[in-house]
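Please keep the sequence and the structure in view while reading.

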Amino acid sequence: EEFDLRKANPACVGPIRDQASCGSCWAVSAASAMSDRFCIASKTNSYVELSPQYIVSCDKSNYGCDGGYLDLTWKFLSREGTVSEQCAPYTSGGGHVEACMRTCKNGDALDIRKMDPSTIKFFDKKNVEAMQEDIMNYGSIQMGFRVYQDFFSYRSGVYRHLSGGLAGGHAVKVIGWGVDSASNLPYWIVANPWGTTWGNNGLFWILRGSNECDCEGMMYSARPQL
C-alpha cells in the first residue's frame with residue numbers, strides 16, 4: 001500500500017534539485033533518477049550525484065533550456081551517458097547553455113556513466129503495478145505530466161487538477177507512493193526540481209492510478225550499465 005525509497009534506501013535518494021530559470025526539468029529529473037539507480041545497483045550505498053548540465057549541453061536531440069523529450073533523453077543516457085556533478089556542475093540556472101564539455105571543469109577526463117539501452121522502459125499507463133515494481137527493485141523513475149495553473153500553488157495533500165488552464169509540460173522524479181489518511185486517495189511521492197522552498201520541501205503528491213494530468217502516460221526508466 002505504501003513504499004518510500006527514502007525509508008527503503010535512504011543513502012540512495014539524492015537531494016531536491018533546482019533547475020532555476022532554465023527549462024531543463026527533462027535533464028535534471030533524469031540525472032537525479034539515474035543517480036539514485038546507480039547507487040542502488042552498486043549495492044555499496046555510495047551516492048554519486050550525476051550531472052544534468054552535461055545532458056543539457058551535450059544532448060543535441062533536445063533543446064537545452066527550452067525543454068526536451070523524455071524518450072530522447074533516455075536514449076541519450078544509454079548512448080552517450082553523463083558525468084558526475086563534480087565534473088560538470090550545473091551552470092544553466094540563468095538560462096544560458098554552455099558548449100558540450102570535453103573535459104571536467106577541473107581538467108580531469110570525463111567520467112562517463114551510461115544506462116543499459118536494452119532496459120529502457122516506457123510504461124503502459126494502465127499498468128501502475130509495473131511502475132511500482134520498477135521503483136521497488138531499481139529506484140526512482142522519471143515522470144512527465146501536464147502542468148495546470150493550480151499546480152503552482154501546491155503546498156500539501158494529494159494534487160489533482162481542479163482549476164486553471166494548461167501551462168505546459170514538466171518532468172519530475174517519482175520516489176514512492178502511499179494513500180492519504182485524510183482523503184483516502186492513493187498518490188505518488190514526487191520530487192520536483194524547483195528547489196526546497198516550493199511545495200512540501202520540494203516534494204508533492206499526485207493522484208495515483210487514474211492517469212492524473214497524463215502522469216502515468218509519461219513514465220520512463222532504465223537500468224545502469226555497471
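A cavity is a set of grid points where a 1.4 Å probe fits but cannot get out, and its volume is the space filled by probe spheres set on those points. The model is predicted, and the structure holds two cavities of 30 Å³ or more. Rolling a probe the size of a water molecule over the atoms shows where empty space is left.

**Cavities**

- The largest cavity has a volume of about 70 Å³, and its lining is made up of Gly14, Pro15, Ile16, Arg17, Val28, Ser29, Ser32, Lys173, Ala191, Asn192 and Pro193.
- Helix α2 supplies the largest share of that lining, namely three residues, while by class the lining of the largest cavity contains five nonpolar, four polar and two charged residues.
- The second largest cavity holds about 50 Å³ of space, and the residues that line it are Gly14, Pro15, Arg17, Val28, Ala31, Ser32, Ser35, Tyr47, Glu49, Leu50 and Pro52.
- For the second largest cavity, too, α2 gives the most to the lining, here with four residues, and the lining divides into six nonpolar, three polar and two charged residues.

**Largest pocket**

- The largest pocket, with a volume of about 160 Å³, is lined by Arg37, Ile40, Ala41, Lys43, Asn137, Tyr138, Ala222, Arg223, Pro224 and Leu226.
- Two or more residues of this lining come from each of α2 (25-42) and α5 (128-138), and α2 gives the most, with three residues.
- Six of the residues lining the largest pocket are nonpolar, one is polar and three are charged.

**Nonpolar cores**

- In soluble globular proteins, nonpolar side chains tend to be buried together.
- The largest nonpolar core has 37 residues, of which Met143, Phe145, Trp188, Phe204 and Ile206 touch the most other members.
- The elements that contribute two or more residues to this core are the helices α2 and α5 together with the strands β3 (141-148), β4 (158-159), β5 (166-179), β6 (186-191) and β7 (203-207).
- Leaving aside residues up to four places away in sequence, Phe204 is in contact with Phe145, Phe151, Tyr154, Val172, Trp188, Ile189, Val190, Asn192 and Trp198.

Note on methods: Residues numbered from 1 in each chain as written. Predicted model: local features only at pLDDT ≥ 70, side-chain atom pairs only at ≥ 80, totals over all residues. Heavy atoms only, no water. 1 Å grid on protein atoms, 1.4 Å probe; cavity = no way out; pocket = protein on both sides within 12 Å on 5 of 7 lines; lining within 4 Å. Nonpolar A, V, L, I, M, F, W, Y, C, P; charged D, E, K, R; others polar. Core = buried A, V, L, I, M, F, W, Y, C linked by side-chain atoms within 4.5 Å. Buried < 20%, exposed > 50% of the residue type's maximum accessible area, 1.4 Å probe, protein only. Contact = heavy atoms within 4.5 Å.
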